[in-house]
Amino acid sequence: MFLTIQELRHNKLKFGALSFIIFLIVFLVLFITGLAAGLANDSGAAIKNTPATHFVLQAGSESRLSRSALTQSDWQALKHQSLTPINVTQATIERPKKQTKTDIAYIAVDATSFMTPKVTQGQKLSNQATQKVVVSSKLQANGYQLGDTVKDSTIGQQFKIGGFSKQMAYAHTPVIYLNHHQWQTIFPTQKTTYNAFASKRPLSVNKHYQVISKQTLIDNIPGYSAEQSSLYLMIGFLYVISLFVLAIFFYIITLQKLRDFGTLKALGTTTRYLSQHIISEIGLLTAVAILLAGGIISVIAQSMPASMPFMLTAPTIIGTSVLFLAVAILSALLSLIQVIRIDPITAIGGH
């Protein structure tokens, strides 16, 4: 470690630049990973963040809520299995007397069921025939506050914001939660039709229905799978490219110091000591860069606006950090081959 500290102090600019490059690479990987996770959450948070584990849809709906239409007869036949009905559709709202419009998703639930959203501000959703609804806190980014009136742009039906839930979204649009009575005021022709029945356990039903898991339902939200496949393919290539770049950087640095290592060997320094020096030097540079990248990305994740879908968990940061540190150490081990093979006389220019 003594040799490592001395070399780092003597070549501050060189090793500072290398550490900065590692920082940028790790930061970029974490940032794009956070964006991918945020987009995934922004597409299906309203389904993902519920206690439901399975959903019953109409047979032939291909696991899509928009293609499923269950009737009151279906509800009567299946309600004994502790299910709760839900309706989902996308629409547009606006403020009365204002032209600004916002795309949203309506989700109708039984206010006494496990599908009712938890509120972070204001009042809970109720089954009473009132105008009060619970909306996603994502709408606060559009200027909506408690007590504001929102109007459906198509039929003109108005509701009042009675409470805010977490940043619930469906297909990248904020969610407005209604009870089934409020749903019927918007869609009177669908008063006996539901998109799905939610359950907190696996079900056994006949061939007239399709039972799918929560993740399957999320995967079939329009655009979700294609979006995630593209993003994670990009992240995969980014990981591979970044790891190769780091390995090459460290290998070249070791090659540049072969003459110095040969001199040290000629003076009696053991191969083991030089190996420890290389591993400690590369490990220290990488660890500092990773800590800086992880710390800064954590601060950024907390300060991101609601309009920017970004989500980065501690396991993701830790896993990425461990991966980069492992690759750095592995590249150091590969460099050791050159150190072990070095001949002191040849390295210092002898014959």
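Tutor: Helices α2 and α6 are roughly antiparallel to each other, because their axes cross at roughly 170° and angles over 145 degrees count as roughly antiparallel. The model in which this is seen is a predicted one.

Student: How is the packing of two helices described in general?

Tutor: Two values are used: the angle between the axes of the packed helices and the distance between those axes. For α2 and α6, the axes come within 10 Å.

Student: What classes of residue make up the contact of α2 with α6?

Tutor: The contact of α2 with α6 holds 23 nonpolar residues, together with five polar and two charged ones.

Student: At what angle does α2 pack with α8, and how far apart are their axes?

Tutor: Helix α2 spans residues 12–48 and helix α8 spans residues 271–303. Their angle is about 45°, and their axes lie 8 Å apart. The two helices are therefore oblique to each other.

Student: Is the crossing of α2 and α8 left-handed or right-handed?

Tutor: The crossing in which α2 passes α8 is right-handed.

Student: Which residues meet where α2 packs with α8?

Tutor: On the α2 side, the residues include F15, L18, I22 and F23. On the α8 side, E281, L285, V288 and I297 are among them. By class, the contact of α2 with α8 comprises 17 nonpolar residues, three polar and one charged.

Student: Which residues line the largest cavity, and which helices supply them?

Tutor: The lining consists of F15, L18, F250, I253, T254, K257, I278, E281, I282 and L285. Helices α2, α6 (224–256) and α8 each give at least two residues to this lining, and α8 gives the largest share, four residues. Seven of the lining residues are nonpolar, one is polar and two are charged. Note that F15, L18, E281 and L285 line the largest cavity and also take part in the contact of α2 with α8.

Student: Which residues line the second largest cavity?

Tutor: S63, R64, L65, S66, Y170, L217, N220, I221 and P222 line that cavity, whose volume is about 50 Å³. Its lining has five nonpolar, three polar and one charged residues.

Student: What is the volume of the largest pocket, and how many residues line it?

Tutor: A pocket, unlike a cavity, is open. The largest pocket has a volume of about 820 Å³ and a lining of 39 residues. N41, N49, K166, Q167 and M168 lie nearest its centre.

Student: Which helix supplies the largest share of the lining of the largest pocket?

Tutor: Helix α2 does, with five residues. At least two residues come from each of α2, α8 and α9 (314–341). The lining of the largest pocket divides into 25 nonpolar, nine polar and five charged residues.

Terms used
Residues are numbered from 1 along each chain as its sequence is written. This is a predicted model: local features need pLDDT of at least 70, side-chain atom pairs count only at pLDDT 80 or more; totals for chains, interfaces and linings use all residues. Side-chain values use heavy atoms; hydrogens and water are left out. Axes are lines fitted to C-alpha atoms, for helices over the stretch in contact, and angles run from 0 to 180 degrees between N-to-C directions. Angles under 35 degrees count as roughly parallel, over 145 as roughly antiparallel, 65 to 115 as roughly perpendicular and the rest as oblique. A crossing is left-handed if the near helix is turned anticlockwise from the far one by less than a right angle, and right-handed if clockwise. Contact means heavy atoms within 4.5 Å. Ala, Val, Leu, Ile, Met, Phe, Trp, Tyr, Cys and Pro count as nonpolar, Asp, Glu, Lys and Arg as charged, and the others, Gly among them, as polar. On a 1 Å grid over the protein atoms alone, a cavity is a set of points where a 1.4 Å probe fits but cannot get out, and a pocket is an open set with protein on both sides within 12 Å along at least five of seven lines; lining residues have an atom within 4 Å of a point. Grid points are joined across faces, edges and corners, and a volume is the space filled by probe spheres set on the points.
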